[in-house]
Amino acid sequence: MSSIRFDAVHKAFGALTVLRSLDLDIPDRTFLALLGPSGCGKTTALRMLAGLEMPTAGRLLIGDRDVTRLQPRDRDIAMVFQSYALYPQMTVAENIGYPLWIRKVPDAERRAKIAEVATTLEIETLLERRPKQLSGGQRQRVALARAIVRNPAAFLMDEPLSNLDARLRLSMRGEIKRLCQSLGAKTLYVTHDQAEALTMADLIAVMNGGALQQLASPAGIYERPANRFVATFVGNPPMNVLPATVTEAGLSVAGTPIALPEDRLAECRRYQVTEIGLRPEDAHVVAQGTPGALAGAIFVVEPMGNETLVDVRVEGGRLTVRAERGFSANPGDRVGIAFDPANACFFDPMGKTVVHRV
Ligand SMILES: Nc1ncnc2c1ncn2[C@@H]1O[C@H](COP(=O)(O)OP(=O)(O)O)[C@@H](O)[C@H]1O
Ligand SMILES: [Mg+2]
């Protein structure tokens with residue numbers, strides 16, 4: 001089997017540039033999440049790969065085949081749309097079997113295949129219904145069944161869970177991951193939901209403004225974000241970013257000198273660091289006046305059940321800290337915020353991560 005490649009793919013709609021020279025390599029048997037905010041060009045990238053849209057420049061390759069100019073049906077990929085796109089007048093069985101029917105697969109073989117995927121997706125009792133007689137989750141399963149029925153070389157999924165309620169979204173997340181693992185096909189999964197990307201993907205491609213920001217494993221994206229955009233887009237609550245000053249005397253954050261090992265301090269100086277990034281779980285509320293802690297005041301306390309999110313105002317900004325379940329404090333209380341600077345990363349004036357977490 002073979003990889004999928006975007007080779008310097010560029011896309012403009014008239015004067016609007018939507019994708020800027022996208023290079024992306026999706027290895028075989030890989031679940032890749034294309035993650036980014038609404039409007040960053042994810043759907044357009046997927047539609048070009050499916051053959052529903054032509055690139056303005058660049059090439060699309062499946063294995064060594066240049067598919068840039070091939071018809072959608074000749075690309076051997078299946079797409080699952082956000083809207084499911086089921087045929088309302090057809091039964092579930094007919095919807096699932098449709099890709100086989102247009103390929104003139106003999107009746108008996110088609111029926112056997114429909115029964116097999118219906119069992120995999122646990123919709124075998126729904127085969128005679130029509131889409132309007134199904135719940136959102138059941139429609140989603142039918143759309144997935146239709147995609148997997150003919151063993152395509154790759155699955156493309158565009159925000160397939162976004163029309164489901166929160167609870168169902170969580171359970172389908174795990175099911176789609178399992179399904180894709182068991183099928184062993186390449187999957188390109190588009191989402192704006194960082195939790196979906198982190199939990200489901202082998203690789204995450206983070207996009208913003210039509211440009212690829214970083215391609216890495218979920219752990220790589222979370223632990224070593226390439227820039228401030230990735231650092232603050234992935235993670236919930238997002239990474240805190242505060243102004244940082246580096247002088248001959250050392251590093252200072254929110255008016256507090258922070259001790260750094262000499263080599264890390266030298267790196268901060270060399271790259272003219274202007275900001276520090278700190279994840280909420282790497283900061284702790286401590287007593288006011290604790291040495292090395294930032295001086296702050298409680299802004300708001302949000303109990304989440306299993307943990308508590310605490311928003312604290314410090315000089316020059318605000319940060320969110322994860323505290324334990326049952327934590328309590330009042331707005332305005334003076335506190336300290338302690339952290340191990342080894343867990344922080346540092347950004348240059350362009351927002352590039354120049355010093356990573358140790
Ligand atoms: N057919 C089209 N004609 C003109 N502009 C389009 C078309 N399709 C998408 N766009 C624009 O391209 C940008 C990216 O869209 P899209 O790929 O759908 O983003 P995403 O899926 O990341 O939300 C948006 O600004 C959108 O309005
Ligand atoms: Mg989209």
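**Entry 1: backbone contacts of the ligand.** I started with C40, where a backbone N or O atom lies 3.2 Å from an oxygen atom of ligand 1. I kept in mind that this is a predicted model. Next I checked G41, and a backbone N or O atom there is 3.1 Å from an oxygen atom of ligand 1. Then I turned to G39, which has a polar backbone atom 2.6 Å from an oxygen atom of ligand 1. I also looked up how much of the ligand is covered: alone, ligand 1 exposes 570 Å², and the protein buries 58% of that.

**Entry 2: the shell around the ligand.** Which residues are around ligand 1? I wrote down F13, L16, V18, P37, S38, G39, C40, G41, K42, T43 and T44. Sorting this shell by class, I found five nonpolar residues, five polar ones and one charged one. Which element gives the largest share of the shell around ligand 1? I found that α1 does, with three residues. I noted the ranges too: α1 covers 42-50 and β2 covers 16-26, and each supplies at least two residues of the shell.

**Entry 3: the largest pocket.** My next stop was empty space. Rolling a probe the size of a water molecule over the atoms shows where such space is left. The largest pocket has a volume of about 510 Å³. I counted 19 lining residues in my notes, and those closest to the centre of this pocket are I77, A78, M79, F81 and R150. How many nonpolar, polar and charged residues does the lining of the largest pocket have? I wrote 15 nonpolar, four charged and no polar residues.

**Entry 4: the second largest pocket.** I finished with the second largest pocket, whose volume is about 250 Å³. It is lined by 14 residues, and A93, E94, G97, R110 and I114 are the closest to its centre. For the elements, I noted that α2 and α3 (107-120) each supply at least two residues of this lining. By class, I found seven nonpolar, two polar and five charged residues in the lining of the second largest pocket.

How values were computed
Residues are numbered from 1 along each chain as its sequence is written. Chains are lettered from A and ligands numbered from 1 in the order in which they are written. This is a predicted model: local features need pLDDT of at least 70, side-chain atom pairs count only at pLDDT 80 or more; totals for chains, interfaces and linings use all residues. Side-chain values use heavy atoms; hydrogens and water are left out. A residue is near a molecule or strand if one of its heavy atoms lies within 4 Å of it. A polar contact is a pair of N or O atoms within 3.5 Å; within protein, one must be able to donate a hydrogen and the other to accept it, and residues adjacent in sequence count only if both atoms are side-chain atoms. Accessible areas come from the Shrake-Rupley method with a 1.4 Å probe; for residues, only the protein chains shown count as cover. Helices (H or I, at least four residues) and strands (E, at least two) are DSSP runs, numbered from the N terminus. Ala, Val, Leu, Ile, Met, Phe, Trp, Tyr, Cys and Pro count as nonpolar, Asp, Glu, Lys and Arg as charged, and the others, Gly among them, as polar. On a 1 Å grid over the protein atoms alone, a cavity is a set of points where a 1.4 Å probe fits but cannot get out, and a pocket is an open set with protein on both sides within 12 Å along at least five of seven lines; lining residues have an atom within 4 Å of a point. Grid points are joined across faces, edges and corners, and a volume is the space filled by probe spheres set on the points.
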